[in-house]
Amino acid sequence: MKSNYHFKFEDLKVYQKAMDFGELVDTLVKKFPNHELYALSSQFRRAADSIALNIAEGYPGSDAQFVKHINHAIYSANECVSCSTKPRRRLYLSFEEDEENRKLISELTKMMSSLRKKIIERKQRTNA
């Protein structure tokens, strides 16, 4: 169901993809053992959710603020690499699931890096 209240950052494909990744991770961690509930499961969910949250938080600010938040989102994406590798090594995720996570994280990181570059270029043109 679509909301009657729309925010501009929701149009960003990278935001939409980050939201989808967060939901995927939420589903995946339900397969982890109970002793990981407040450890790796929680960390993976928080890192994955942080990608979209940082994009949303930084969007309405200045270009410099948005770049800062995109950087934080990239850091969270990088954290998700470790958060996916650990459960694969502990046999909670299959190689294929980890590989799919890595693919999605790679796509997200490339999209965020491209967005960051465009913002920096726009900022430089404006300041020139």
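The legends below describe an overview and several close-up views of a predicted model.

Residues are numbered from 1 along each chain as its sequence is written. In this predicted model, local features need pLDDT of at least 70 and side-chain atom pairs count only at pLDDT 80 or more, while totals for chains, interfaces and linings use all residues; side-chain values use heavy atoms, with hydrogens and water left out.

**View 1. The chain has 4 helices and 0 strands.** Along the sequence the pattern reads α-α-α-α. Helices (H or I, at least four residues) and strands (E, at least two) are DSSP runs, numbered from the N terminus. Along the principal axes, the C-alpha atoms fill a box of roughly 55 × 35 × 25 Å. Of the 128 residues, 38% are buried, that is, under 20% relative accessible area, with exposed meaning over 50% and partly exposed in between (1.4 Å probe, protein chains only). Among contacts with a separation of 6 or more, 72% join residues 24 or more positions apart; a contact means heavy atoms within 4.5 Å.

**View 2. F9 and Y15 form an edge-to-face pair.** Rings of Phe, Tyr and Trp (its six-membered ring) pair if their centres lie within 6.5 Å; planes under 30 degrees apart count as stacked, over 60 as edge-to-face and the rest as tilted. By this rule the count comes to 5 aromatic pairs. In one of them, the ring centres of F9 and Y15 are 5.0 Å apart and the planes stand at 80°, so the pair is edge-to-face. F9 counts as buried because its relative accessibility is 15%. Y15 is also buried, at a relative accessible area of 11%.

**View 3. F32 and Y92 form a tilted pair.** Their rings are 5.4 Å apart centre to centre, with 45° between the planes. F32 lies in the loop between α1 (13–28) and α2 (40–58), and Y92 in the loop between α3 (63–89) and α4 (95–127), so the pair ties together parts that are 60 residues apart in sequence. Both F32 and Y92 are buried.

**View 4. One aromatic cluster is made up of F7, F9, Y15, Y59 and F66.**

**View 5. S84 is a buried residue in helix α3.** Leaving aside neighbours within four places in sequence, S84 is in contact with F44, L93, D98 and N101.
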